[in-house]
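Hi everyone, thanks for coming. Have a look at the sequence and the structure on the screen, and then I'll walk you through them.

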Amino acid sequence: MKVLIVGANGQVGKHLVSFIQDHNELEAKVMIRKEEQAAHFKELGTETVVVDLEDDIPSIAKAFDGVDAVVFTAGSGPNTGADKTILIDLDGAVKTIEAAKKAGVKRYVMISSYDTTREAIQSAPSSFAPYVVAKHYADEWLRGTDLDYTIIHPGALTNENGTGKVKAATKVERNEIPREDVASVIVACLENDETIGKEFQVVSGEMAVKDAVGSL
């Protein structure tokens with residue numbers, strides 16, 4: 001299975017590329033925004049395509065050529081304003097969903113936020129609310145498609161080394177999770193078709209990633 005990783009230059013994305021490179025049944029194709037980001041992936045021997053999420057849907061759809069699945073793990077980042085959050089985290093996500101449909105790519109894994117409910121929007125601090133809004137509507141858009149989707153809602157992301165152990169369920173108590181473990185969860189979802197049509201929260205825990213994902 002060839003997997004297009006949207007947002008591959010991010011921290012979760014880089015872990016994911018590394019894991020897929022070592023996987024016998026998965027192959028990575030990375031989508032990045034700038035040519036200068038390509039060197040890292042070319043050194044790994046990973047197929048690379050440069051596409052901006054602010055481009056139109058036909059341009060984005062070209063990146064989907066030859067792939068079987070897509071993982072959306074892109075984001076505008078914490079140092080941009082609400083405008084970029086809407087353009088990347090919401091509209092960028094929606095455009096990749098539409099591009100997947102256009103390209104006939106059915107499998108879609110969305111890396112969302114821990115809680116994207118309406119209640120989470122209303123209770124979010126003003127600086128964080130645009131992000132929750134963006135994720136809320138991107139998730140809603142994906143749910144309304146006939147794609148084989150999985151929506152992952154990770155807890156607070158850290159740069160600690162992964163433990164390989166998590167807690168995953170429709171609802172889990174708020175906690176942290178290393179980005180490396182989020183990448184492991186993504187791989188486990190790609191390996192397991194039983195995760196199609198499901199969404200879940202995931203934080204650090206005591207169960208091996210494969211077992212936790214398999215128990216959903």
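**The annotated span and the whole chain**

Let's begin with residues 7–192: their end C-alpha atoms lie 22 Å apart, and the span is 42% helix and 20% strand.

A quick word on where the numbers come from. This is a predicted model, where local features need pLDDT of at least 70 and side-chain atom pairs count only at pLDDT 80 or more, while totals for chains, interfaces and linings use all residues. Residues are numbered from 1 along each chain as its sequence is written, and side-chain values use heavy atoms, with hydrogens and water left out.

Okay, zooming out. The protein chain has eight helices and eleven strands. Its radius of gyration is 16 Å, close to the 17 Å that the globule rule gives for 216 residues, so the chain is as compact as a globular protein of that length. That radius is taken over C-alpha atoms, and the globule rule is 2.2 Å times the number of residues to the power 0.38.

How much of the chain is buried? Of the 216 residues, 49% count as buried. Buried means under 20% relative accessible area, exposed means over 50%, and partly exposed is in between, using a 1.4 Å probe and protein chains only. As for contacts (heavy atoms within 4.5 Å), take those in the chain with a separation of 6 or more: 68% of them come from residues 24 or more positions apart.

**Two helices side by side**

Now find helix H4, residues 82–103, and helix H6, residues 129–143. They pack at an angle of about 10 degrees, with their axes 9 Å apart. Axes are lines fitted to C-alpha atoms, for helices over the stretch in contact, and angles run from 0 to 180 degrees between N-to-C directions. H4 and H6 are therefore roughly parallel to each other. The scheme is that angles under 35 degrees count as roughly parallel, over 145 as roughly antiparallel, 65 to 115 as roughly perpendicular, and the rest as oblique.

Who makes the contact? On the H4 side, residues including Ile86, Leu90 and Ile97 take part, and on the H6 side, residues including Tyr131, Ala134 and Trp141. The residues of this contact divide into 13 nonpolar, one polar and three charged. Here Ala, Val, Leu, Ile, Met, Phe, Trp, Tyr, Cys and Pro count as nonpolar, Asp, Glu, Lys and Arg as charged, and the others, Gly among them, as polar.

Let's stay on those helices for two residues. Ala103 lies in H4 and is partly exposed, with a relative accessible area of 38%. Leaving out residues up to four places away in sequence, Ala103 touches Ala61 and Phe64. Over in H6 we have Arg143, also partly exposed at 29% relative accessibility. With the sequence neighbours up to four places away left out again, Arg143 touches Thr116, Tyr149, Ile151 and Glu199.

**A pair of strand residues**

Last stop: Glu176 in strand S9, residues 176–178, and Thr158 in strand S7, residues 156–158. Which residues does Glu176 touch, not counting those up to four places away in sequence? They are Ala156, Thr158, Val203 and Ser204. Thr158, leaving aside its neighbours within four places, is in contact with Glu176, Ile177, Pro178 and Arg179.

Is each one buried or partly exposed? Glu176 counts as partly exposed at 46% relative accessibility, whereas Thr158 is buried, at 13%. And Glu176 is 19 residues from Leu157 in sequence, with 5.9 Å between their C-alpha atoms.

Notes. Helices (H or I, at least four residues) and strands (E, at least two) are DSSP runs, numbered from the N terminus.
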